[in-house]
Amino acid sequence: MPPLKMRGVQRPKNTKKTILRLISYMGRYKALWPVVFICVLISSLSSVLGTYLLRPAVNDYIVPFIGQQHPDLSGFIRLIARMFCIFVSGAVAAFIQQRLLLYISTQTLCAIRRDLFHHMETLPLRYYDSRPHGVLMSLFTNDTDTLRDMFSQSVPQLLVSICSVTGVLIMMIVLSIPLTLIMVVSIAGMMVIAAKIGKKSAQAFRENQKRIGAVDGYIEELIEGQRVVKIFNREKQATLRFDELNEKLRLAGTQANTFANILMPIMGNLSHMQYALVSIAGALLIMSGRMDLGTIASFLQYTRSFSRPITMMSQQFNGILNALAGAERIFAVIDEESEADEGTVQLVNAVYTAAGASADGRTHLVESFARTGTWAWKMPDTGLLKRLSGEVKFDHVSFSYGKHESDGESLHYVLHDITLHARPGEKIALVGSTGSGKTTITNLLTRFYDVPEDDGTITYDGIPLRDIQKDALRASLGFVLQDTHLFTGTIRDNIRYGYLDASEAQILEAAKLANADSFIRHLKDGYDTVITGDGASLSQGQRQLLAIARAAVKDPPVLILDEATSSIDTRTEALIEKGMDRLMEGRTVFVIAHRLSTVRNADCIVVLEKGNIIERGTHEELLALKGKYFQLYTGAFELD
C-alpha cells in the first residue's frame, strides 16, 4: 500500500448524497457508460479465462508431450492462439475503457470547476470576508485533484478489481473448494493485519501532515518577515525555532514512513507464505489423486490474481473516501445562496433630444444604445428615465456585520444612526480612526452589504438603493482601493479593466489623468508590459496610479477613493493633484483618508468615531470648532 494512500482518510458527512450528485454530472455521458462496463467485463474476464486455459494446456498437451519424440503441436498451437486472442481482446478493451473514462473524468471535472467558479462569482462579499482565502483556493487544487485521482484511477481500478475478484473466486471454487477455503482464510488474516498497520500509519501520517503544516507556515511567515527579522537581529532565534519544528517533523515523518514502508514487505511475505501454503496443499491433493497438475497450475495463478485486486480495492477505497469528502466541500459551496438582488431599476446610456436641450431634461431624456457620457435610471414599470446626478443620502442608518435575524443575540453595531447627504458634484471626506466605520459606509453604498429595512435607508438620486440593480449601481461607481489588485496581463489590459470597450485614446487619456503615462512609457514594453504576481515588479505607488487610471477610464458619475493616495509619495501626490481634481470634477466623490492634507478642499468633512458622526463641516469650520478634527490636523491626536 503506497504511503500516499495512508495519509489520513477524510470521510464525507453524507456519502449517498455526494455520490448521487457526482452521478448526475457523470450521467451526462450515459451513452458511454455501457461501453465502459462492457470493456471492464471483457478486460477482467480475459484475464480469468486466459488463466483457466493453463489447465487444458498442461493436462492435454504439456504432460502428454513428456517423453514423445515427435508430438503433434497443432492442437497446442491452436490453444495458444486462443489464449493470445483472449489477452489481446482484454488489452484492447482495457485501452478503450481507460480512454473513455479519461474523457468522462476530464469533462466532469471541467463541468464541476466551471460550476464552482461561476457560482463563486455570484456569492456575496460577506461570504469571502468570513472565510480564509486559502480554504477556498484548496477547492480548486486539493479537492479537485482528489476527484481527478478518483475518476482516473480509483474508480476504474475498483471496477476492474471487483470484476476480477468475482471472476477469479468463481473459477477457484470451480477448480477446488478446499484450496479456495485456504485462500479465503489466509486473505482474511492478511486483511486484519493490514487494517491494524494501516490504522497506525494513518494516525502517524496525520501527525506528519500537522508537522508539515507547522514548518510550512513558519517558513512562509519568516520569508515574508525577513526585513523584520534582520532589523531586530533575530536570525539565530529564527534558526533555533526552525530546527525545533524541523526535528519534530523528522520524528513524525520517520514514524509515519516506518509503518507505511513495513506494510508492503509484510504483505508481500505473507502473500509468499500463502502461495507456499496453497502449493503444499495442492501437492498433497495431487499425490492423493484428487487433483491434476493442470488444475493446480491454474489455481496457483489465480492465487496471485486474487490477492492483488483485494489489496488494490482497499487502497482505492481510501482514495474514494477522500475524493468524496472533497466533492462534498465543493458542492457545499455550489449550494451556497447567491447574492440576492431584488433591484429592478436599470442604468442606461441616455441623450437629450433637441427639444429637451432647453426644456425639462427628465421629460426629453431618451435612451441611447451608444456610450454618451450621460447616464440615466430607467424605471421598471413606466420606462421613464431619470438623469443620474449622483445625489446620495444616508437616512438614520445603523449597521452590524452580524446576523440580523431575531436570534436572541445582541448585535454589535459598527454604524449608529448615520445621516449623511452628498449633493451632486460634492466631495465628501470621511475621517476617523481605524474601526470608526468609514469603509463600512462605502460597503453599504456599493451594496456589498445591505442595510436591514428597519435600520434606516440609503437613497441614490431619490431612489432607494435596494430598488437599483446591483450591476447597475456598481456600474455607476468608480472605486480606488487602498489595497490595489492588478491582474495578470498587460498594463493596457489592467487599465481597460475599468471599461472593457475603452479605445486606445481613452486608455492613454486615463493614464495621463492619473499621471501614470510617464512611468509606463519608461518601461521596456510600455503599455504592453506584462504584469504578473499582482504587479510585484512595480512599486506600490505605481500600482496605485494604475488603479486610479483604471477608475478614470470608467468615467463614473460617483467616485469612491479609499486611501487612494496612501501609497504615493508627497512629490507624486502633488503631481497628480490636478489630474485628480479633473477626475473628481462634476462627480460626487467619497474620500476616505488618513492624510488630512488631501481632504482640505472637501465640501464636507465627516469625522467618525466608533460608528458615530461626531463632527461635520468644511476644513475651516472644523478647525474653528477646535474639536477632534482640530486635534487630528494639528497633530495633537493621531489616527490609528
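## Basis of the description

This is a predicted model, in which local features need pLDDT of at least 70 and side-chain atom pairs count only at pLDDT 80 or more, while totals for chains, interfaces and linings use all residues. Residues are numbered from 1 along each chain as its sequence is written, and side-chain values use heavy atoms, with hydrogens and water left out.

## The chain as a whole

The secondary structure comes to 19 helices and 16 strands, where helices (H or I, at least four residues) and strands (E, at least two) are DSSP runs numbered from the N terminus. Of the 640 residues in the chain, 43% are buried, a term that means under 20% relative accessible area, with exposed set at over 50% and partly exposed in between (1.4 Å probe, protein chains only).

The accessible surface of the chain is about 33800 Å², and 58% of this belongs to carbon and sulfur atoms; the areas come from the Shrake-Rupley method with a 1.4 Å probe, and for residues only the protein chains shown count as cover.

The axes of helix α2 (residues 33-52) and helix α3 (residues 54-65) come within 4 Å and cross at roughly 15°; axes are lines fitted to C-alpha atoms, for helices over the stretch in contact, and angles run from 0 to 180 degrees between N-to-C directions. The two helices α2 and α3 are therefore roughly parallel to each other, a class that covers angles under 35 degrees, whereas those over 145 count as roughly antiparallel, 65 to 115 as roughly perpendicular and the rest as oblique. Gly50, Thr51 and Tyr52 of α2 make this contact with Leu54, Arg55 and Pro56 of α3.

Phe151 belongs to helix α6 (residues 133-175) and is buried, at a relative accessible area of 4%. Apart from neighbours within four places in sequence, Phe151 is in contact with Leu22, Met26, Ser105, Thr108, Leu109 and Pro156. Between Phe151 and Ile104, 47 residues apart in sequence, the C-alpha to C-alpha distance is 8.3 Å.

## An antiparallel open sheet

Four strands form an open sheet in the order β2-β1-β3-β4, with antiparallel pairing, where two strands pair if DSSP finds at least two bridges between them. The edge strands, each pairing on one side only, are β2 (365-368) and β4 (385-387), and neighbouring strands of the sheet are turned by 50° against each other on average, direction ignored. Strands β1 (residues 346-352) and β3 (residues 375-378) are joined over 4 bridges, and Asn349 has Trp375 in β3 as its bridge partner.

Strands β15 (residues 604-609) and β16 (residues 612-617) pair in the antiparallel sense over 5 bridges, with Ile605 opposite Gly617 in β16. The hairpin of β15 and β16 has 2 residues between the strands, and Lys610 in the turn has a positive phi of about 50°.

Methods:
Contact means heavy atoms within 4.5 Å.
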